[in-house]
Structure formats: structure tokens, C-alpha cells
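Subject: Structure handover

Hi,

Here is the structure I promised you. Please open it alongside this note.

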Amino acid sequence: MSNTILVGAQWGDEGKGKIIDVLTEVADVVVRTQGGNNAGHTVHINGQKFILHLVPSGILRKNKVCVIGNGVVVDPVSLVEELKDLSNLGIKIKGNLHLSETAHLVLPYHRELDSQRERAKGKNKIGTTKRGIGPAYADKAARTGLRVLDLIQPERFKAKLAERIRENNGILKAFGAEPLSFKKVHDQYRAAGDYLKPFVTNTVILLHAAAQRGDNILFEGAQGTFLDIDHGTYPFVTSSNTTAGGACTGSGVPPHRIDRVVGVMKAYTTRVGEGPLPSENAEIADMLHAMGREFGATTGRPRRCGWFDAVATRHARIVSGIDELAVTNLDGLDSVQTLKICTGYRDGRKRLDYIPSDVEALARCEPIYTELAGWMAPTDQATKWKELPRRARDYLHTIADLTGAKLKIVSVGPGREQTIFVE
Ligand code: GDP
Ligand code: IMO
Ligand code: MG
């Protein structure tokens with residue numbers, strides 16, 4: 001298969017989990033490299049639904065090496081819960097999962113600060129998942145973070161945690177929030193540390209050895225291009241690099257080892273949380289929500305929905321070097337009579353064919369649409385390209401061409417088998 005980075009080409013929740021599961025069949029190693037348990041990756045196998053938050057989706061296939069890389073921020077208590085849940089469902093973890101010793105920790109003060117800052121922002125809030133992701137990455141950048149290797153050394157953890165709780169309780173007090181109890185946090189997190197210790201390793205060396213052996217490595221992106229801290233709709237973004245570069249820094253695997261980048265995108269657009277979404281459309285949202293679709297996998301919030309935005313996906317292709325596309329949720333458009341595709345933006349009298357850097361300019365942009373006739377037929381039973389209605393194939397070719405990458409995979413349902421490989 002070669003070494004493949006998979007990224008979300010929109011605002012997250014593109015169906016990355018499902019496509020990772022499909023691609024894992026021919027992978028040896030699956031690595032998460034950024035983000036934390038703000039991610040929610042859904043995989044359906046034989047009618048059973050799994051939602052992964054920190055653990056690479058590859059864990060659901062037998063004997064795949066799964067790595068939580070150095071770039072991920074790990075809430076140890078949440079990870080232990082996830083591992084226990086997976087074990088209870090019969091998934092083998094021991095021997096298959098490896099946790100980077102240099103991954104930074106998410107601690108209760110990060111979660112509390114995330115909530116307090118959102119509350120203080122009022123109507124200007126980001127709409128975060130309140131998992132403490134922003135404050136954890138802020139500590140990492142400020143060089144005040146605690147890492148997995150601190151967690152598994154009791155004396156060191158105790159001393160560092162005490163100092164961090166002291167400082168953060170001061171900040172929480174300024175927000176009018178309750179201070180945290182050192183003992184409570186310490187005991188809970190140390191217990192998680194003991195549970196996780198057998199999984200902790202130097203994942204940079206592990207991945208280097210895998211690359212030397214010629215193993216196929218699959219990098220499981222979390223979030224999406226427009227949530228990237230550098231390339232997204234700042235400040236309405238997450239706090240990591242969700243674009244392809246993040247996979248290298250977050251794993252220690254160098255760029256020249258990467259053979260291809262796959263971009264995952266829905267056949268339409270969704271976003272959860274605040275921030276501009278030029279092609280947002282209430283009718284599409286109502287239709288999808290009425291079908292029971294497009295509710296967040298992590299927070300359960302209804303996702304905002306809109307038409308396919310080719311200006312956005314073209315930008316995603318540029319910043320991640322997307323070679324191949326996986327288009328998911330085609331079946332969501334089965335009953336739409338006339339489909340719109342956003343091909344440009346209008347900002348006052350100016351026509352733009354790229355995403356403006358200033359989020360206020362983006363919020364002003366009006367989408368320019370091209371229209372295509374819908375196929376008005378179910379696609380969820382199709383297993384081959386030829387079995388898709390001609391108009392569906394036209395639509396797929398149009399969005400892939402506008403994005404500027406090769407259409408490789410089409411997904412017509414959440415199940416593994418509902419996947420079409422485009423020759
Ligand atoms: P991720 O975060 O990118 O992994 O995506 P999520 O799991 O958060 O959200 C994608 C949703 O779409 C999940 O509920 C998937 O089960 C579902 N899904 C993925 N591909 C398809 C598809 O082709 N058709 C349908 N109906 N659902 C899909
Ligand atoms: P997956 O991997 C969709 C969004 C939040 C919010 C912003 C910042 O499942 O695609 P954060 O908690 O990260 O500080 O929130 O980013 N967000 C996601 N949206 N999918 C995700 O992950 C997301 N992770 C974060 O809704 O707008
Ligand atoms: Mg998701």
C-alpha cells in the first residue's frame with residue numbers, strides 16, 4: 001500500500017474513521033499524530049458501531065500495530081476508559097497498541113479552562129468539544145506541559161502536577177471557578193498511569209523500524225483542513241496541525257517517507273462548532289437531520305450542513321498535497337432534485353476562487369453555485385462504479401475535478417462493504 005497520510009479535506013467528520021478502517025486491511029501500522037479525544041471516528045463492522053476517540057481505528061482489525069504518536073494530546077483517564085470499553089467489546093489491545101512517551105497530557109485544569117474560556121467568550125465562543133485540547137497544546141507550546149513519561153514516574157509526576165495545579169488554580173480562581181484538589185487529580189491520574197504503563201514506548205524508534213522493514217504505515221488524521229491551527233478558519237479552529245504536515249511532526253516519520261496523501265471529503269459539507277461556513281444551507285441540514293444523520297460522534301451536537309464547497313476542498317488539496325480522494329456519504333444526496341456545488345465566493349464586488357485568510361472576510365463571502373441534476377435513486381446498495389447512477393458519477397467526477405485530485409474511493413453507506421473503488 002505504501003505510506004499514506006489520510007486527512008480530512010473539510011471541517012472534520014468527513015468519514016475518516018470509515019475510510020481508515022477500509023484502508024487498514026492492507027496496512028501494517030496505523031498512527032494517530034495530532035488532536036486528542038476531541039476526535040470521534042465512527043466505524044461500522046457487521047452492523048456493530050464503534051466510535052474511536054484516541055485509539056487509532058486500525059485497532060478494530062486483527063494484528064495491526066496501532067500507535068498514538070508524540071503529536072497527540074492524551075487525556076489518560078479518558079484513554080483508559082476507551083481501552084476498557086474496547087476490551088469489553090472483545091477487541092484485543094495488549095500487544096497491538098503503543099503510546100508515545102512524549103505525547104502531552106490533558107489534565108482536568110485544561111478541561112476546566114477550556115470550559116471557562118468558552119463561557120467567558122459568550123457569543124464569540126469557538127464551540128469547542130470542551131475536552132481541554134486548546135489549553136493542553138498551549139501548555140505544550142509554553143513548555144509547561146506534562147508528558148506521558150512524567151505520568152509513569154510517580155515521584156516526578158507528583159512534583160510537577162503539584163506545581164501545575166497551584167498555578168492553574170490561581171487562573172481558575174480569576175474565572176470564579178472552583179479550585180482543583182491536588183490529591184483527587186493525582187490519585188485518579190496516577191491510577192491511569194499505572195494502567196497505561198505497559199503500552200508506553202518510544203514510538204519514534206518503533207515507527208522508524210517499521211519504515212525500515214518496509215511496513216505499510218497509515219497516518220490517521222483527526223479533525224479537518226479548516227480546523228487546522230495554521231490553515232483553518234482561525235480562531236474557529238482546533239489547536240493542532242490537521243493537514244498533512246502534522247502527520248510527520250506528530251510521528252517523527254520524515255516527509256520523504258510519505259508516498260501518498262488521501263483526502264477524505266463528504267459529498268456535501270458539514271461543520272460542528274462556530275465559525276463561517278459559506279455554503280451552509282438549512283434545507284440540506286433539515287433533510288439530513290430528519291434522516292437521523294449528522295449528529296456529532298463526540299458531543300452529539302447537530303452538525304451544520306451545506307452544499308459541497310469546491311473552493312474549500314481545492315485549498316485542502318493545495319495545503320496537504322492531496323493525491324487521491326475518498327468521497328463519503330454520497331447516499332446522503334440520493335433524494336436531492338437539484339444539487340448545488342460552490343465553485344467560487346463573492347465578497348462584495350470581488351470574486352474569489354480561494355479561501356480568504358481573514359475569517360471576517362470569509363464570513364462576508366457569498367457562495368457562487370453551479371447546479372447539477374440529482375440522480376434521485378438509492379445508491380447505498382452499489383458495490384461497483386458502474387452500478388452508480390450516471391448522474392451520481394457525473395457529480396463525483398465534477399467535485400473531484402474541481403478539487404483537483406484523483407477520485408479513488410466512493411462510500412455509499414457507513415458499512416465496510418458499502419465502499420466502491422474507482423478504477
Ligand atoms: P470522522 O470523524 O471523519 O471519522 O467522521 P465521523 O465518524 O465523526 O462522522 C461520519 C459519519 O458518517 C459517521 O456516522 C459514519 O458512520 C458515517 N458515514 C461514513 N461514510 C458514510 C457513507 O458513505 N454513508 C453514510 N450513510 N454514512 C457514512
Ligand atoms: P474528527 O476527528 C469535527 C471542532 C469543534 C470546534 C473546534 C475546536 O472527529 O473529525 P476543540 O475541542 O478541538 O478545541 O474544538 O474544532 N472539532 C471537530 N469538529 N470533527 C472533529 O474531529 C473535531 N474536533 C474538534 O467542534 O469547532
Ligand atoms: Mg468525527
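This is a predicted model: local features need pLDDT of at least 70, side-chain atom pairs count only at pLDDT 80 or more; totals for chains, interfaces and linings use all residues.

Residues are numbered from 1 along each chain as its sequence is written, chains are lettered from A and ligands numbered from 1 in the order written, and side-chain values use heavy atoms, without hydrogens or water.

Ligand 2

The space that ligand 2 takes is the largest pocket. A pocket here is an open set of points on a 1 Å grid over the protein atoms alone, where a 1.4 Å probe fits, with protein on both sides within 12 Å along at least five of seven lines. A molecule sits in one if more than half of its atoms lie within 2 Å of its grid points.

Around ligand 2 there are 20 residues (a heavy atom within 4 Å). Lys16, His41, Thr129, Gln223 and Thr238 are the closest. By type, the shell has seven nonpolar, 10 polar and three charged residues. Asp, Glu, Lys and Arg count as charged; Ala, Val, Leu, Ile, Met, Phe, Trp, Tyr, Cys and Pro as nonpolar; the others, Gly among them, as polar.

Polar contacts are pairs of N or O atoms within 3.5 Å. A polar side-chain atom of Lys16 is 2.6 Å from an oxygen of ligand 2. A polar backbone atom of Asp13 is 2.8 Å from a ligand 2 oxygen. For a backbone N or O atom of Gly127, the distance to an oxygen of ligand 2 is 3.3 Å. On its own, ligand 2 has 550 Å² of accessible area (Shrake-Rupley, 1.4 Å probe). The protein covers 98% of that.

Ligand 1

Ligand 1 takes the space of the second largest pocket. It has 20 residues around it, with Lys16, Gly17, Thr42, Asp331 and Ser411 nearest. The side chain of Asp13 has an N or O atom 2.9 Å from an oxygen of ligand 1. A polar backbone atom of Lys16 is 2.7 Å from a ligand 1 oxygen. The protein covers 91% of the 580 Å² of accessible area that ligand 1 has on its own.

Best wishes

Notes:
A polar contact is a pair of N or O atoms within 3.5 Å; within protein, one must be able to donate a hydrogen and the other to accept it, and residues adjacent in sequence count only if both atoms are side-chain atoms. On a 1 Å grid over the protein atoms alone, a cavity is a set of points where a 1.4 Å probe fits but cannot get out, and a pocket is an open set with protein on both sides within 12 Å along at least five of seven lines; lining residues have an atom within 4 Å of a point.
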